[in-house]
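Here's a quick briefing to read with the model open beside you. Take the topics in order, and keep the chain letters handy.

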Amino acid sequence: MAERYNFGAGAGGVNVETTVLGADEIILNMGPQHPSTHGVLRVKLRLDGEKVVGSECVIGYLHRGVEKIAEHRSYQQFAPYVDRMDYVAAVSNGLGYCETVEKLLGAEAPPRARVIRTILTELQRIASHLFWLGTHALDIGALTPLFYCLREREEILKIFEKYCGARLTTHAFRIGGLQYEAYDELEKDTERFCKDFDRRVDEYESLLTENRIWVGRTKGIGVLTADAAIAMGVTGPVLRASGVQWDIRKSMPYAAYDQYEFSIPTGKNGDTYDRYLVRLEEMRQSRKICLQAIENIPAGPILGKVGKVLKPPPGEVYHSIEAPKGELGYYIVSDGTTQPYRVRIRPPSLINLEALDQMIRGHLVADVVAVIGTLDIVLGEVDR
Amino acid sequence: MLDQVVFYFFAALAIVSAILVVTRRNAVQSAIFLVTALLATAGIFLNLNAEFLFIVQVILYAGGIMVLFIFVIMLVNLDVALHQVQFNRQWFVALIISAVLAAQVAAAIAVSRRTLYTMPAAPAESLQPNTERVAFYLFHTYVLPFEIASILLLVAMVGAVVMAKKRV
Amino acid sequence: MVPIGHYIFLSVALLAIGIVGVVTRRNVIIILMSIELILNAVNINLVAFSRLVGSVEGQIFAIFIITDAAAEAAVGLGIIIAFFRNRETVLADEMDILKW
Amino acid sequence: MPYVLPVLFALVIVALLPLVAGYIVLVERKVMADMQVRLGPMRVGPHGLLQPIADAVKLLLKEDIIPESADRLVFWGAPLISVTTAMVALAALPIGPFFQIAELNIGLLFILGVSSLGIFGIVLGGWASNSHYSLLGALRSAAQLVSYETSAGMAIVGALLLAGTLSTRGIVQAQAQTEVWFIFAAPVGFFIYLVASIAETNRAPFDMPEAESELVAGYMTEYSGFRWALYFLAEYTNMIVVASIATTLFLGGWLRPFASTSYLDFLDWLPPLLMAGVAGYCFWRAPKQPVAVQKMFMAAVGLLCIVLALVLIMPMAAPRDSFLASSKAGIHGAFWFLFKVGAYIYVFMWLRFTFPRYRFDQLMRLGWQFLVPLSIVNVMGIGVGLALHRQLNWPAAPALILGIVLTLVAGAYLLATGEKHEHPRVGEEEEEETPVNA
Amino acid sequence: MTNDSEEKQPPRPAEAEKPAGTPAPSASPSASGGTPSGETPGKPAAPSAPVAAAKPPAAITPPKPAAPAAPAKPPGPPPPPKEAPPKPAPLDNDLVKRYKARFGGAVVEALLDRKQAILVIAADRLLEIARYSRDEEHFDLLVDLTAVDWPKREKRFDLVLNLYSFSKNERVRLKALVAENEPVPSVESVWPTANWLEREVYDMFGIVFEGHSNLKRLLLPEEWQGHPLRKDYDILQQDEAWVRENLGIESGQ
């Protein structure tokens, strides 16, 4: 039993500097200003020719000390900060934080708020996956999907903008419910978007899924077996592509997910191609959730009774949601004052990124780019 | 007239580049000047109505062999080598050899001066159409050497692959 | 046509330069390049005489010489790479063992 | 003075080429924008028509940065090599029956040889920059060029067998005589050349050397300003060169479709009508431009098209035997040649926007394990066809078709066996998949 | 240990340890979430029984709020939440019993806070307990590893491990009290993912992990002085010497 967890001492990245270089080995530095490291990731690659024999990620260039800031803000004040972590999926971040604090308080968001939260979060998931697909394809050299993806993402951002006035860092929710009442056409806009969206996903598929080059570039690249994936703690689509059918929306439902029908796509081989397929299918499922959700948005208040000053009783709580990138968890310790005593954020990007080393070993430099893309990391979240 | 200008231009170019080839410290620069020398030679070939040879020289020598050279120079990282002494102290030997050579040629030319300078060149048309003629000789009269040459190339190819393989 | 003697001079000059390179340089790659120069000098002679006598056979020989140069370069450079891998040097006078 | 005309042509080409390359870039951006549901450049001039000029001015005015540890001389000269070789290669191309700088009896070899020297510009530029990315890009580029030149050369040999001459003009004339463009006689050869020429010009999906997501900009990483523009110019000139070779060899050069079928002569009206159509569109759009300058510019473009249409129509309207009528072949030939080159380049662009990028080892495998064998088989197939036709007096069509079928069978075989050789993870066995359990 | 799942959705049968829709992770055959073993949902159930999952335990030893209302699907109006403020309470269910039986005194305390199970354990036996958790209790996934600083306490740090079990669909939190310069065994050999997480904790709190393969700072520069998430590290404080030296900012700010 133990062997299957044994990935050698350096599973999380070798220290490339201190290991002795073989005769033909060189060290190549990728980033932090490299165009395809998605921000300020820096990867030190140890290469044998073009083959990667080891790697080490250097992160922290975007470190802002979010967790420290949290300790000096009141619960409400801190809420907008979380949007700045995974800025591609700000709504999801906000949902996780609000629900965690609610749990800490023992409060509950009213049903209407929960349904609207679900709709917006699922739209955000689609937007995040779209952005991932576009940039991932661009990394592999396909220029056109990016623009198609951004076109659809724009529709979603417009919905956000109509709802809360912001497109990117939305701060859409409030502890105990919603910040704003839904605008009149929310259902209609969502429906219009969703109606068309299936066809759009088919369009992306027609560009990529059967394309020989695309398949050649992604199949068998960056394989992560199910055991390895669990051992490395990866979550979200990356884990599901390895064949583990686990989705927090199903296993520990939050918001209003227990009311909707949807399935959890999984892959078989855990390679880049499977991750691609899984995310595409997730977009379809998210669309399905949205369509179900707008059918019946319950009437009622949008804000539960939480009071103006939040003073959670001492204690602690861990709560996590299925963010587009994986399990986004908040661990909040309260000492009974208005400010959290400790906020720990479990960033899915960081922990998924840790598996990078294992996934790229033995591949070529070009595959590193593909694998970084397939992990769908956002450096704002990795570094916090 | 034009002929002569072209010849002297290319001849001078060839000699200057050749000198630079053996005197530059940096192997890449040597290679660049070797390419120049080879191209100058190609120009002389063209001037001699050897069009096919001209193009062979350009494609094969300059475009093929020299690329190989530059590749190898870049593969064997020469940063280290640059700081080492580039010349051994055999100037003396080189000088003697050159002197002997020069003397020999001078003697030979002196002896046959008359014929060398007065012998009329064959009409340029005798080499035309150049490609067809070369092909005729290559695949007719010299077909055996041609095949041998191809085998030589094959052997060289195999040898090069074996040599350059990872571990001998 | 330029008098044939000038071609011979050019050819001898290149030959001499090539020899100087072979004899004085330490870098094997440059030695190989000097050899290419020598071969090239020969080619000039062959082609010049071919033009002089009005037969393309000289050019045929030049083609064979170029073939030979290609073969020589391929094998020579292969050896250099193999040697560099094992000894980290391309200097001729450091290639002083008969095996590695 | 026999030199006047060629020198004049050469001057025209050298002067116009940067402009043409600039406008190819514009067209490329426009086509890309169209395929990607956006507008592309719209700001400078109507529909961005002045964008290339603005870009050129910007590039010329930019600071010319030479990295401190670069080899200055080589760094300075490398782009020049690239541009020079690309331009020299244009010399032997016949743009229409009368417009050609130099008619060489080894024309095609000359083009191949000279353009193969362009590799030095790339390798030396990459080396002189003294940067890992540049060097890696340069080496990749060189390896790629050498590999694909092999298959491109073999593909060309196939067509040469059909033409029986190396002279570019002779090749087109051979196609006029047989009344068949060689693309139909050797379709596989054309396909090989298409793929190989994309790879040779380092364009997507083979743009390995400048795979921006991996190697930044390959050998051009450290270049800026004017020198960078030179590389770009060389790249686009090379595109024109390979497109011209393909046009000459496979697409019938300056020949009109069905050139020798006289009852289809009305096709001669196509070019002027086309130009007139473009002019009409320009005039229609001109009043809708927002700014007066743009209106005028648009109208000017329309006028230019009208002039071109008139030029094209003149020889046809002129009385027979007049000088104008005799210039028809030249003018229309040039039109058709350029039209075909444009179509070929359009295919380049189309592929670029559609496909992801190959990985380097995949690209090498495609080159050496598929294209090279296929191109050799192709030469043999055409040889068999020709032998059957010429020695055994078979009719031409079945003989050549037999050759093509042979080649296709070989290609299918290569494709089938090639699949098995793909190892995603180099030199490492995949781990066995075990079911997850908890 | 409770599953988070239930709490948030009052309407759902809270107790069902396996939340309504939960498919067990497909890959894991043993998923049967409902099995009695330890999982007893956090709820009260503490006492003896591996409570039948779906049944709301009647006797609530710990004052848990919630008897969940009827398992009504639609999120109707939330059942009147018991407003008893949530607070930690001792926990004693099967899981805890197994741990106690196995490790005796090393399991210092078992708590239930907001329906989430917390095991306070002795730091020096962390590795052993971790391995047991993974191999015997099937907590395959190390969700998170972090720390909390309580400067006034004798052992100032809480080292917190959040674990998740796919087969049981439940979470548990291991908490170890660690003194300032006390080394802690690294759990990297149990969950490779701990590599970076421990590096981050080392970076932010200065807790040293013994047996870690590459213990250096993760987010901050290697030469940085101080550990920012400690409570005595002011929010405006930074390593001014480092800033001056590496960023060339004279004031250090």
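Going along the sequence, chain B reads α-α-α-α-α-α-α-α. That comes to 8 helices and 0 strands for this chain. Keep in mind that we're looking at a predicted model.

**Chain B on its own**
- Chain B has 168 residues, and 33% of them count as buried.
- Take the contacts in chain B between residues at least 6 apart in sequence: 56% of these join residues at least 24 apart.

**Where chain C meets chain B**
- On the chain B side, 75 residues go into this contact, while chain C puts in 62 residues.
- Three helices of chain C each give two or more residues to the side that touches chain B: α1 (4-24), α2 (28-53) and α3 (57-87).
- Which element gives the most to the side of chain C that touches chain B? That's α3(C), with 21 residues.
- Sorted by class, the side of chain C that touches chain B has 44 nonpolar residues, along with 12 polar and 6 charged ones.

- As a reminder, a pair of packed helices is described by the angle between their axes and the distance between the axes.
- The crossing of α3(B) past α6(D) is left-handed.
- From α3(B), the contact is made by Val67(B), Phe71(B) and Met74(B), and from α6(D) by Leu135(D), Leu139(D), Ala142(D) and Val146(D).
- By class, this contact of α3(B) with α6(D) has 7 nonpolar residues, with no polar and no charged ones.

**Helix α2 of chain E**
- Over in chain E, helix α2 (residues 94-103) has Leu95(E), Val96(E) and Tyr99(E) buried.
- Why do the buried residues of α2(E) line one face of the helix? Looking down the axis of α2(E), you'd find them within an arc of 95°, so they line one face.
- What do those buried residues of α2(E) pack against? Their partners are β2 (107-113) and β3 (116-122) of chain E.

Notes:
Residues are numbered from 1 along each chain as its sequence is written. Chains are lettered from A and ligands numbered from 1 in the order in which they are written. This is a predicted model: local features need pLDDT of at least 70, side-chain atom pairs count only at pLDDT 80 or more; totals for chains, interfaces and linings use all residues. Two residues are in contact if their C-beta atoms, placed from the backbone, lie within 7 Å. Helices (H or I, at least four residues) and strands (E, at least two) are DSSP runs, numbered from the N terminus. Ala, Val, Leu, Ile, Met, Phe, Trp, Tyr, Cys and Pro count as nonpolar, Asp, Glu, Lys and Arg as charged, and the others, Gly among them, as polar. A residue is buried if 20 or more other C-beta atoms lie within 10 Å of its own, exposed if 12 or fewer, and partly exposed in between; C-beta atoms are placed from the backbone. The arc is that of the directions from the helix axis to the C-beta atoms. A crossing is left-handed if the near helix is turned anticlockwise from the far one by less than a right angle, and right-handed if clockwise.
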